[in-house]
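Colleague: I'm new to this one. Could you walk me through how to read it?

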Amino acid sequence: MIIDTHSHPYLEEFDADRDEVLQRAFDGGVGHVILPNVDISTIEPMRALHRLYPSTTSMALGLHPTEVKESWRDDLSLIDHEWDLNANDYKAVGEVGIDLYWDKTFREEQMQVLDIQTRRAADMNLPVIIHCREGLDEVLEVLSGLEKKPDAVFHSFGGSMADVDKVRRVGDFYFGINGVVTFKNARLDNTLREITPERIVLETDAPYLAPVPKRGRRNEPAFIAHTAGYVANVFEQSIDKIEDITTANAINLFKLSV
């Protein structure tokens with residue numbers, strides 16, 4: 001069994017064939033899918049999908065860093081309200097983090113929002129799904145300032161071996177590995193070896209970042225098998241072995257009963 005620890009099949013890209021997409025995943029050995037919301041507007045579509053597949057999906061909730069704008073306090077209040085109403089429905093806080101790739105205007109606000117949400121996770125004993133793009137130092141600064149650090153996964157990790165070492169100096173976190181590792185120009189094999197399978201969880205980020213040989217297409221949870229195969233090849237392990245290790249990691253991180 002494989003667990004897709006980060007996927008968005010509730011988005012409109014799947015409106016025409018959502019059930020078929022999920023059935024392909026389940027038929028292909030995906031036993032569970034973690035659904036983080038993208039923004040406030042996607043909370044209800046995410047919840048609607050989870051209601052249809054309550055035993056094979058779990059949800060995460062957070063204010064995404066690219067959504068942190070002038071109205072961030074109001075938006076965070078809406079997220080807080082959802083936590084107040086339905087806290088027991090969620091397995092993680094996320095995806096949250098720092099994204100300075102396109103715009104650095106709200107750097108300080110993103111750090112403040114990340115601090116608030118990671119403290120919530122620690123208080124609730126929930127893991128954090130961290131989105132980090134051009135913001136590793138800022139993420140680690142926030143995490144380093146916490147009195148109690150939650151468990152966490154660095155979603156869609158594409159950093160260097162040195163970045164892995166930076167993360168480990170702050171905490172023993174997990175790394176979410178998706179189709180990016182299969183891209184020819186990614187050159188992440190040594191980064192994977194530095195992480196080791198014991199701290200890897202697999203993900204798709206569907207509909208984004210489809211792995212080779214599906215690159216350029218809409219990604220979907222079934223395609224996680226290609227990422228698992230690539231990771232297995234890097235470690236010279238069987239796919240079954242990598243699936244077993246990464247599934248155990250996901251169950252431990254998200255406290256799943258699957």
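Colleague: What covers the buried residues of α3?

Modeller: Some ground rules before that. This is a predicted model, where local features need pLDDT of at least 70 and side-chain atom pairs count only at pLDDT 80 or more, while totals for chains, interfaces and linings use all residues. Residues are numbered from 1 along each chain as its sequence is written, and side-chain values use heavy atoms, with hydrogens and water left out. Helices (H or I, at least four residues) and strands (E, at least two) are DSSP runs, numbered from the N terminus. Buried means under 20% relative accessible area, exposed over 50%, and partly exposed in between (1.4 Å probe, protein chains only). As for α3, the cover over its buried residues includes α2 (43-52), β3 (57-61), β4 (90-99) and α4 (107-124); contact here means heavy atoms within 4.5 Å.

Colleague: Which residues of α3 are buried?

Modeller: Trp72, Asp75, Leu76, Ile79, Glu82 and Trp83.

Colleague: What about nonpolar residues: which touch the most other members of the largest core?

Modeller: Nonpolar side chains tend to be buried together in soluble globular proteins. A nonpolar core is a set of buried Ala, Val, Leu, Ile, Met, Phe, Trp, Tyr and Cys residues joined through side-chain atoms within 4.5 Å. Here the largest has 62 residues, and Leu143, Phe154, Ile177, Leu192 and Leu202 touch the most other members. Its largest share, six residues, comes from α8.
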